[in-house]
Amino acid sequence: MTIKNLKIFDDNRKLKALKIIALAFLGILLLWFTFNITGLKIGNTKIVISAFIDEPIDFLFYFVFIASIVVFILNDKIGKYMLSAFLLLWGGFQFTTYFKTGESIAAYNKTFADTHHIIAASQETLIKDTYHIFLDIFILLAFIVIMLFLIVKIVSSKKKSQARENL
C-alpha cells in the first residue's frame, strides 16, 4: 500500500460514520490520557498528577495506545483488533481496581489523597478519584464504539462475500 493508494475510510457509509465516531471517542480518551502524562491542575484543584511523578509505566501504555490509533486510522483491518484488545486489557485492568480491599484501598486513597474526588474516598470500598472515574467511562465508551465498528465491519465483509458468491 502506497501513500497514493492510502484509503482511510471504507466506501460503506455506515462504516465511514462509525470510524469517524470511533476516532472522536478515541480522541477524547487520548486527550484525557494525555492529562495523565502532563498532569492537570485547575486553579488549586489537582485533577491528576503527571505520570513522570506518579506512574512512569503509563508512558508505555500511552505510546501503545497512540500506535494502535494510528494503525486503526491507516489500516483498520488490523487496527480494529489492536484497539479492541488494547481497550479490553486496559479496561479490564482499570475495572479490577474496584475490587481492592483493606490495605489496597488505603494505599489507593493515600496515592490519590490530594487529587479531586467527586465522591469522597472510603476506607471500606474503593471510590476512585475524578480523573480515574472519567478515564473508566471514556475507556468503556471507546471500547463499545470500536466493538460496534468491528461487528459492522465483519457483517459487511460477510455480506460482500455472499454477494460475490451469488454472482
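**Entry 1: α1 and α5**

In which hand of crossing does α1 pass α5? I looked this up and found that the crossing is left-handed. I note here that the model is a predicted one. The angle at which α1 and α5 pack is about 155°, and their axes are 9 Å apart. Angles over 145 degrees count as roughly antiparallel, so α1 and α5 are roughly antiparallel to each other. I then sorted the residues of this contact by class: 23 are nonpolar, two are polar and three are charged.

**Entry 2: Trp32 in α1**

I picked Trp32, which lies in helix α1 (residues 13-38). Is Trp32 buried or exposed? Its relative accessible area is 15%. Buried means under 20%, so Trp32 is buried. I left aside the neighbours within four places in sequence and listed what Trp32 is in contact with: Ile47, Tyr131, Phe134, Leu135 and Phe138. I also looked up the spacing of Trp32 and Phe134. They are 102 residues apart in sequence, but 8.3 Å apart in space, C-alpha to C-alpha.

**Entry 3: Leu135 in α5**

Leu135 was on the contact list of Trp32, and I took it next. Leu135 lies in helix α5. It counts as buried, because its relative accessibility is 3%. From Leu135 to Gln94 I count 41 residues in sequence and 8.8 Å in space, C-alpha to C-alpha.

**Entry 4: α3 and α5**

Gln94 and Trp90 are among the α3 residues that meet α5, and I looked up how these two helices pack. The angle is about 145° and the axes are 9 Å apart. α3 passes α5 in a left-handed crossing. On the α3 side the contact includes Asp76, Tyr81, Leu87 and Trp90. On the α5 side it includes His132, Leu135, Ile139 and Lys153. By class, I have 14 nonpolar, four polar and four charged residues in this contact.

**Entry 5: α2 and α3**

At what angle do α2 and α3 pack? For helix α2 (residues 58-74) and helix α3 (residues 76-96) it is about 150°, with the axes 7 Å apart. α2 and α3 are therefore roughly antiparallel to each other. Their crossing is left-handed. Among the residues that make the contact are Phe61, Phe65 and Phe72 of α2, and Met82, Phe86 and Trp90 of α3. The class count is 13 nonpolar, two polar and two charged.

**Entry 6: the largest nonpolar core**

Which residues of the largest nonpolar core touch the most other members? Of its 28 residues, they are Leu26, Leu29, Phe65, Leu87 and Trp90. Two or more residues of this core come from each of α1, β2 (45-48), α2, α3 and α5 (130-166). Leu29 is in contact with Phe65, Leu87, Trp90, Leu135, Phe138, Ile139 and Ala142. In soluble globular proteins, nonpolar side chains tend to be buried together.

**Entry 7: Ser156**

Last, I looked up a serine. Ser156 is in helix α5. Is Ser156 buried or exposed? Ser156 counts as buried, because its relative accessibility is 12%. Apart from neighbours within four places in sequence, Ser156 is in contact with Asn12 and Leu15.

How values were computed:
Residues numbered from 1 in each chain as written. Predicted model: local features only at pLDDT ≥ 70, side-chain atom pairs only at ≥ 80, totals over all residues. Heavy atoms only, no water. Axes fitted to C-alpha atoms, helices over the stretch in contact; angles between N-to-C directions. Helix = DSSP H or I, 4+ residues; strand = E, 2+ residues; numbered from the N terminus. Parallel < 35°, antiparallel > 145°, perpendicular 65-115°, else oblique. Left-handed = near helix turned anticlockwise from the far one by under 90°. Contact = heavy atoms within 4.5 Å. Nonpolar A, V, L, I, M, F, W, Y, C, P; charged D, E, K, R; others polar. Buried < 20%, exposed > 50% of the residue type's maximum accessible area, 1.4 Å probe, protein only. Core = buried A, V, L, I, M, F, W, Y, C linked by side-chain atoms within 4.5 Å.
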